[in-house]
Amino acid sequence: MTLIETHAHLDYPDFAADFDDVLRRATEAGITRIITIGTSIESSRRAVELAEKYGNVYAVIGVHPTVDDGNLEDVATPLRELAKSARVVAIGETGLDYHRLPSIEARKQKAVQVFNALGSGTEEQIEATIEDGAYKSRQADLFEQQLDLAVELKLNVVIHQRDAWEDTLDIMRPYGRQLSGVFHCFGGTREQADEVLALGHLVSFTGIVTFKNGRTVRDVAAQLPLDSFMVETDCPYLAPEPFRGKRCEPAHTRIVAETIAAARGIPLDELAAATTATAEGFFQFNRK
C-alpha cells in the first residue's frame with residue numbers, strides 16, 4: 001500500500017526542528033512521495049531546494065492569493081526560472097481568496113460601519129469597497145499569470161479557493177482543457193464538486209473529513225468517482241482526528257485516506273491505489 005501526500009508545506013519553520021523524523025514517519029505510514037507547495041517566490045524556491053535534496057519530495061511552485069510578495073507585479077518570470085528544475089511537478093498554489101477582504105478586516109476592527117442610522121452607505125464603506133476591488137483585481141492578475149504560465153509549460157495547477165467560488169471558475173473557464181486543476185482542501189458541496197469535475201478538474205481532501213463537523217465533506221468524498229480526487233494534509237494545518245489542534249504532518253495522509261475508505265466501504269488498499277494513480281496522472285513526476 002502506497003500513498004502520495006499531494007499538498008504539504010515542508011518549507012515552513014514548523015518542520016525545521018525534526019525534518020528528518022517527519023520524513024521517516026511519512027515513509028513508515030506508507031507515504032512514498034510528498035509534494036511540497038510554494039506560497040510565494042521565496043517559499044517556492046525553498047520547495048525546489050527541498051525537492052532537489054530529498055528523493056521522495058517534489059515541488060509545486062506558485063504565489064498564494066493572499067501573499068504580498070513584495071508587491072511583485074510579474075510573478076511569471078521568477079516562477080518560470082524555478083520551473084527549470086525537473087523536480088517541479090505543477091504550478092501553485094494559486095487562486096482567489098476573499099475571506100479577509102479589506103472591508104471585512106476594517107469592520108472587524110470597528111473602523112467601518114456598513115450602514116449609518118439612515119441605512120445609507122458611509123464614506124468609509126465606499127472607500128473600503130474600492131479597496132476590495134483593487135484587492136480582488138490584483139489576485140485575479142496573479143492568478144491569470146500563473147494559469148498562463150502553466151499552459152506555457154504544460155503543467156497542471158493547484159488551486160486555492162476561499163469564499164470566491166464563482167470568480168475562480170469564471171477565470172478558469174476560458175482556458176478550457178488547456179490545463180487541469182486540483183481544487184485542494186475541498187470543502188464544498190457535491191454540486192460544486194460535480195461542477196469542478198465537469199470542467200475537467202479534480203478535488204483533493206484533507207483531515208477535515210475526520211472532523212465531527214466535517215460530515216458534509218466526508219459524504220462528498222464518499223460519493224465522488226474514485227478516480228476524481230486525491231488526498232492531502234495541507235500540513236502543518238488541519239491535523240486530522242485524533243491529532244486535531246496539533247501540528248499536522250505528511251504521515252497523517254494515511255488517516256485521511258483511511259477515513260475516506262471507511263466512508264466508501266472499501267479497503268484502504270483500493271483507495272490508495274486509485275488516489276496514487278490519479279496523482280501520478282496529474283503531477284509530472286518524470287519531467288526532464
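Select Trp 165, Phe 183, Phe 186, Phe 205 and Phe 229: together they form one aromatic cluster. This is a predicted model, in which local features need pLDDT of at least 70, side-chain atom pairs count only at pLDDT 80 or more, and totals for chains, interfaces and linings use all residues. Residues are numbered from 1 along each chain as its sequence is written, and side-chain values use heavy atoms, with hydrogens and water left out.

The structure holds nine aromatic pairs (rings of Phe, Tyr and Trp, the last by its six-membered ring, pair if their centres lie within 6.5 Å; planes under 30 degrees apart are stacked, over 60 edge-to-face, the rest tilted). Keep Phe 186 and Phe 205 selected: their pair is edge-to-face, at 6.1 Å centre to centre and 90 degrees between the planes. Phe 186 is in the loop between strand S6 (181-183) and helix H7 (190-198), and Phe 205 is in strand S7 (residues 202-205), so the pair ties together parts 19 residues apart in sequence. Helices (H or I, at least four residues) and strands (E, at least two) are DSSP runs numbered from the N terminus.

Next, select Phe 282 and Phe 283, an edge-to-face pair with 4.8 Å between centres and 80 degrees between planes. Phe 282 is buried at 4%, and Phe 283 is buried at 2%.

Conventions:
Buried < 20%, exposed > 50% of the residue type's maximum accessible area, 1.4 Å probe, protein only.
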